[in-house]
Amino acid sequence: MTDCNFYHPIEIRYGDLDPQGHVNNAKFITYFEHSRTHYLRHLSLYKKGRSFLDIGVILADLQITFHASIHWEDQIKAGVRTTKLGNKSLRLHQCIVDQHSDKVYATGRIVLVSYDYRQGQSILIPEEWRTILQNFEGL
């Protein structure tokens, strides 16, 4: 399962490589995070100029399955799709694929919790977010 309604291109930097010449596994998490941030911005859930404290989500769970090594010359994109909306959490599917062939490098399952950083507690997913995500993802 790699079909997503949102993809963001990822530039592989030389510093992302490990001594074996492929992208270090830890960078996959960074690529997922980068695409999630752009996903939130694309949906206007996170607006430019807002504080990180206003984003309103916190990472609760992350699982990655590695399918193939990524090398410096590969051209990749990271996809995001919300697959489930709970009361306080949302489940995402993420993937890293080749920009041209859609070869799958990694897939992941992510759980984000709607969170009030100032109060330090989880909160209900705001109705505005719920509506936007349902409309965009067809949930």
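Q: Before we get to who stands opposite whom, what makes two strands a pair?
A: Two strands pair if DSSP finds at least two bridges between them. Keep in mind that this is a predicted model. With that rule in hand, take F6: this residue stands opposite V80 in β3.

Q: How do you know that β1 and β3 pair?
A: Count the bridges. Five of them join β1 (residues 6-10) to β3, and the cut-off is at least two, so these strands pair. They run antiparallel.

Q: What makes β3 and β4 a pair?
A: Nine bridges join β3 to β4 (residues 89-98). The rule asks for at least two, so they count as paired. Their sense is antiparallel, and a hairpin joins β3 to β4 through three residues.

Q: Why is β3 called mostly covered?
A: β3 spans residues 76-85, and eight of its ten residues are buried. Buried here means under 20% relative accessible area. β4 gets the label too, with eight of its ten residues buried.

Q: Why is Y39 called buried?
A: Y39 has 2% relative accessibility, and the cut-off is under 20%, so Y39 counts as buried. This residue is found in helix α1.

Q: What does Y39 touch, leaving out residues up to four places away in sequence?
A: Its contacts are F6, V80, R81, T82, L133, F136 and E137. As for T82, Y39 is 43 residues away in sequence and 10.0 Å away in space, C-alpha to C-alpha.

Q: Why is S114 called buried?
A: The relative accessible area of S114 is 3%. Buried means under 20%, so S114 gets that label. S114 belongs to strand β5.

Q: What makes S114 and L124 a polar contact?
A: A polar atom of the S114 side chain lies 3.4 Å from the backbone oxygen of L124. The distance limit is within 3.5 Å, so the pair meets that limit. Leaving aside residues up to four places away in sequence, S114 touches several others, including G56, V57, K88, I125 and P126.

Q: Why is P126 called partly exposed?
A: P126 comes in at 33% relative accessibility. Buried is under 20% and exposed is over 50%; 33% falls in between, so P126 is partly exposed. P126 is found in the loop between β6 (121-122) and α2. Its C-alpha atom is separated by 13 Å from that of L112, 14 residues apart along the chain.

Q: What makes S44 worth a look?
A: S44 has a positive phi of about 60° although it is not a glycine. Most residues other than glycine have a negative phi. S44 sits in the loop between α1 and β2. With a relative accessible area of 37%, between the 20% and 50% cut-offs, S44 is called partly exposed.

Q: Which residues lie nearest the centre of the largest pocket?
A: E33, R36, T37, F52 and V57, out of 13 lining residues. The elements giving two or more residues to this lining are α1 (25-42) and β2 (57-66), and α1 gives the most, with five. The pocket holds about 270 Å³ of space. Its lining divides into ten nonpolar, one polar and two charged residues.

Q: How does the lining of the second largest pocket divide?
A: Into eight nonpolar, three polar and six charged residues. This pocket has about 190 Å³ of space. It is lined by 17 residues, with R50, D54, I55, G56 and W129 nearest its centre. β5 (104-116) and α2 (127-137) are the elements that give two or more residues, and the largest share, three residues, comes from β5.

Key
Residues are numbered from 1 along each chain as its sequence is written. This is a predicted model: local features need pLDDT of at least 70, side-chain atom pairs count only at pLDDT 80 or more; totals for chains, interfaces and linings use all residues. Side-chain values use heavy atoms; hydrogens and water are left out. Buried means under 20% relative accessible area, exposed over 50%, partly exposed in between (1.4 Å probe, protein chains only). Helices (H or I, at least four residues) and strands (E, at least two) are DSSP runs, numbered from the N terminus. On a 1 Å grid over the protein atoms alone, a cavity is a set of points where a 1.4 Å probe fits but cannot get out, and a pocket is an open set with protein on both sides within 12 Å along at least five of seven lines; lining residues have an atom within 4 Å of a point. Grid points are joined across faces, edges and corners, and a volume is the space filled by probe spheres set on the points. Ala, Val, Leu, Ile, Met, Phe, Trp, Tyr, Cys and Pro count as nonpolar, Asp, Glu, Lys and Arg as charged, and the others, Gly among them, as polar. A polar contact is a pair of N or O atoms within 3.5 Å; within protein, one must be able to donate a hydrogen and the other to accept it, and residues adjacent in sequence count only if both atoms are side-chain atoms. Contact means heavy atoms within 4.5 Å.
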